[in-house]
Amino acid sequence: MRRQLRSRRAPALPYGYRYRLDDQDEVNQNYLADEEEEAEEEARVMVVPDLEEEEEEEEEKEEEEKEEEDSHSQETDSAWWRKLQIVNEYLWDPEKRTSLARTGLILVIYFFFYASLAAVITLCMYTLFLTISPYMPTFTERVKPPGVMIRPFAHSLNFNFNVSEPDTWQHYVISLNGFLQGYNDSLQEEMNVDCPPGQYFIQDGDEDEDKKACQFKRSFLKNCSGLEDPTFGYSTGQPCILLKMNRIVGFRPERGDPVKVSCKVQRGDENDIRSINYYPESASFDLRYYPYYGKLTHVNYTSPLVAMHFTDVVKNQAVPVQCQLKGKGIINDVINDRFVGRVIFTLNIET
Amino acid sequence: MNRKREIYSVELSGTKDIEKTDKEDGKKSRGLKNKCLERKKNHQKEELKKELDLHDHKLSKEELETKYSTNIITGLSSAQAAELLAQHGPNSLTPPKETSEIIKFLKQMVGGFSILLWIGAILCWIAYGIQYSNDHASSLDNVYLGSVLALVVILTGVFAYYQEAKSTNIMSSFRKMIPQQALVIRDSEKKTIPADQLVVGDIVEIKGGDRVPADVRILSTQGCKVDNSSVTGESEPQARSCEFTHESPLETKNIAFFSTTCLEVSAPPVGTATGMVINTGDRTIIGQIASLASGVKDLKTPIAIEIEHFVHIVAGVAVSIGVIFFIIAVSMKYYVLDSIIFLIGIIVANVPEGLLATVTVTLSLTAKRMAKKNCLVKNLEAVETLGSTSIICSDKTGTLTQNRMTVAHLWFDHQIFVADTSENQSNQVFDQSSATWASLSRIITLCNRAEFRPGQESVPIMKKIVVGDASETALLKFSEVMLGNVMDIRKRNRKVAEIPFNSTNKFQLSIHETEDPDDKRFLVVMKGAPERVLEKCSTIMVNGQEQPLDRSTAEAFHTAYMELGGIGERVLGFCHLYLPTDEFPETYSFDVDAVNFPTSNFCFVGLLSMIDPPRSTVPDAVTKCRSAGIKVIMVTGDHPITAKAIAKSVGIISANSETVEDIAKRLNLPVEQVNKQDAKAAVVTGMELKDMSPEQLDELLANHSEIVFARTSPQQKLIIVEGCQRQDAVVAVTGDGVNDSPALKKADIGIAMGIAGSDAAKNAADMVLLDDNFASIVTGVEEGRLIFDNLKKTIAYTLTKNIAELCPFLIYIIAGLPLPIGTITILFIDLGTDIIPSIALAYEKAESDIMNRKPRHKKKDRLVNAPLALYSYLHIGLMQALGAFVTYFTVYAQQGFLPSAILHLRVEWENDNVNDLEDSYGQEWTRFQRKYLEWTGYTAFFVSIMIQQIADLIIRKTRRNSIFQQGLFRNKVIWVGIASQIIIALILSYGLGTIQALNFTMLRPQYWFVAVPHAVLIWVYDEVRKFFIRLFPGSWWDKNMYY
């Protein structure tokens, strides 16, 4: 249409000359109509200036390419010209007055629609964050009762090793050493406070105040600290296994009774394990490590540990061991969750 | 009533539906099938075009005897008969090959979305197999899921099979039509044998009331009449004799067709009609029609095409998204096993499992509603077909008309009087004071052999059963209405002699004593073809006075006669003569054979014209069809003039439109010179149709909006239907005879008459009109259109949530969030909470007058079009996904996992060995605790989708109008649906929250309300959309946002 219009306007004569025409009125009207159409067209184009520009850029590029081709051969030139025309018609179909602009309009509308949806979700998430305290989870009922994990842990809860072959247990030692780096006495003394045992370490004050953490020194673990025996007893067939209770914000053992740990053979002969030493000797998590105030303020919080030193276990056979937490309000018999309040692993020490 | 129950039982106990299996066939091997279809079609056409290859009617008895090596007196010998029986098979129609039930069942199992779900199920099991081979303790989740998917497919398959099993077998009625016994002469003895033992050449005897046991060439009979309506569509009894009267075997009088009824054979000495069997079983005319009917391949119903189209769209989306994300997952270094599980999730999320069942239920609900309005739908999909109908080819007799002759006009005293032709004729307003009327009414009453069957005193006159032919019945009822007890009048005017009507005389005459005891004259009354009656008259009665019949009165008579005849009415003339007492004393004995009394110089009394009047509801119904853009074409075997008259009176030809002939007459031009484009209407006879090429027929159908086909043969009906279908029209055909059954099957929707229709027609049809009333079709159209609109709404409603179900998987793959919604949970939405609401949309009332718009274009107005899919998927669907994700994030955040923490957490989250996973607060979670949280997330996501689906349900009530215009509470079922959604969700969360396999948990009450603002937002957004559509009709917005 545009092209046609232009060609129609091409022989346009000077305005003065037009006056002399007999059918001047008609011509005038036609001219005006053309002007109107043209204006309309301009307006449409202006709705989506970006796209038009893009088109033109594309065209220009193609034209450049075309010119390059030009020098090469005439055949490719005509082919290019045809292609260009097709592209051009796709972008602006003169017959139907439809163009990429329409597709563009759709895209623009979708863009705005999705932008507003994005705004909505942002608003929702913002409101959500307003209602959520960064210090204290809104609900903790799902993470309670506490779960239990042991160290060393490498993908499996089966401890199979041969005392005489260090290769089979070396990775336990490395893992434990690594894990206990954070418990080094020097580090603990530097970062954390020595708080009185046997009572909760309650720190009142604003939520957003930084909280102090109680020391849990590696040396508390005595024979299992790796300080005296760097192999944690693995070299003698008396492995140390550390037990860790999952952190829960605000968790306090009920009625001031510390949570105790007790291990026994899960299935089979009870005498397969003849003795276990616990460190700290109380085999419990001292109350001073509770409550936990959360990651944000309780930065240096060190999870208390209980080390189990299996000093006399039947060798050369798999011994299933279950370590349970004991204490008021502690649940350790959920069927589906084998890590709530208990942990089961097997020891298979070969000599 | 009895009749009705019978028809119902047809529907309920029906067994099969050829159409559907054909459809399944087509789906499976389309290319191959198309070729087959084409070949079959050509074959069928040849069959049609070919005149029946039967010459036996032209042969003499002797030639016949030689041809069939039989003897007319002694019949065949038993040995011969046995040999022929072995050669040609029994005289019964072979039922069409039936697909075995198991194959039909299996076809249901793989149709539609089933294949996709089977793939999903099998992938599940494969995934488990791989898992199991790696780790024997792997969880059984995938096995459950696979089994659930398989169960879903099987259940929907069983449901569809059950629905299919509710349709009827077309052949069953043909089998029923076979007479049980036949009287045959064999070995010179008369024997009664089962009719299926008959062979060609057998000599059979037929009594009045028998069904003709095979195609029979009549050898000897007298006054035999048969009801050929089931073969040729002629509703009047046809006389049969031994003479060869017509080239065409269908027209000649010496052949009686298989399964037609022999109405009467005149009294002894003959008493029976004797005939020779010339065709048996499938080779009979009726057998050929029957095989033609079952040979006509059913077209897919429009709704089946639409649903297939929709299935393709959805399956295409599912498969392409599935494959794309499978590739993405693999290239993101996910394990192939995981990628397979994603694929399953995507498929399950994308496939609306419950939708096809919902559509079926919706259709059957409408079918029930239509049955209440006297439209019995046999094939569920036909419910919608009627709505998209653009051409109705209607029968005249019985459908448009009352199917009984009724006195329409009277002419006496040089005046035409109009009689009431309504159903009860109670309103006779013409002037009855004239003495001429008294004479005329006496002739009408006396010169009539018809009688009411006794014992009907309490029955209204119009409903009384009459013994006699159609016009005599009309006259009897007319006089009964006008004069009171006719039988009493006849008793008082004792009949002394009578000459019954016959085709050579063309008049009927009877001689009576008069009721006046002083008047000893005999009265001779006569009625008959007006010109014959007039010939016998020398005077005419005007205002009770006899006047000589001069030229001007004769002219007046002719004008009236032409006028009445011209409007298609059957005109009878009436005259009488008082015999002088001197010549004919009281004791005179009349001899009708010798005609010892005058039969001329009668006094002409009047004319009376009869017509089968249109049903009173029909004109209105035709107008409704017009405004609904439906072309009504009349196809009748009747005379063109009558057909045109009825067409005009019911509005099929509107008052101001003219045929080419009319224009020619008006302009006084030869017909050839008239511009055919000027004529809106056309009356085409069967003879003209025969000479037309298909192109000419197309042109005719395209150029004329008002068409009447008259004098058409049953086969031509099929040609007309095919012509209409070439115009891309959806064609509805009404019919009642066996001869109509091919056309009924060929039509997009065949409508059989419940009262007048033969069983074969009813079986071939998709729909049965219980009251034979054309107006009921209009109701059907209305319901059909409504159901199409409502199905659109149902599908839009159902598709919307697919995006909300799909997004979780996509985000799970891309962003590694813990899975927001599980596959089984999705199934609980698709097959649980969403089912009743989507059915409830079927009860939605129309938004505007759906009878004021054009029928939808078969190829342009799709059930699922781009705006519908885009709006459902990319607008509302995404909004829903958004709302559900907000709930999901809320649940996780409030439990300790802020959105930032769960990004890309997937691998650790799903690791069974990590039992101390840290959340945003430093808390540590065991695997099971996380799993439980994940299930809580599922439940929350589920509840959010459910809540937003309530909003979706409400917005889908209308497509253009505001909800408040439509009325929020008008459709109560919607609220039942909403309640069901909420109750099911409550039960799942709080009742079954403890069953782990279902993955539901008890959700905190507040999470139920997180999505409520989003639901409101959806509602508001849709109201805005509708507002702009109403504000700018035809605009860009309207085109892209109106579905």
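Two strands count as paired if DSSP finds at least two bridges between them. In this predicted model, strand E10 of chain B and strand E28 (residues 767-769) of chain B are joined by three bridges and run antiparallel. Within this pair, Val377(B) has Met767(B) of E28(B) as its bridge partner.

Both strands belong to an open sheet of eight strands in chain B, ordered E10-E28-E27-E26-E11-E23-E25-E24, in which the pairing is mixed. The edges are formed by E10 (375-377) and E24 (681-685) of chain B; each has a single partner strand, so one side of each lacks a neighbour in the sheet. From one strand to the next, the twist averages 20 degrees.

| Helix (chain B) | Strands touched (chain B) | Angle between directions |
|---|---|---|
| H21 (residues 640-650) | E23 (631-635), E24, E25 (706-710) | about 145 degrees with E25(B) |
| H25 (residues 714-726) | E11 (391-394), E23, E25, E26 (731-735) | about 165 degrees with E26(B) |

The unreviewed UniProt entry gives "transmembrane region" for residues 110-131, 143-162, 310-334, 340-363, 864-889, 974-993 and 1005-1021 of chain B. In the model, residues 110-131 of chain B are 86% helix and 0% strand, with end C-alpha atoms 28 Å apart. Residues 143-162 of chain B are 100% helix and 0% strand, and the end C-alpha atoms of this span lie 28 Å apart.

Terms used: Residues numbered from 1 in each chain as written. Chains lettered and ligands numbered in written order. Predicted model: local features only at pLDDT ≥ 70, side-chain atom pairs only at ≥ 80, totals over all residues. Heavy atoms only, no water. UniProt positions renumbered as here; feature names shortened; annotations may be inferred. Helix = DSSP H or I, 4+ residues; strand = E, 2+ residues; numbered from the N terminus. Axes fitted to C-alpha atoms, helices over the stretch in contact; angles between N-to-C directions. Contact = heavy atoms within 4.5 Å.
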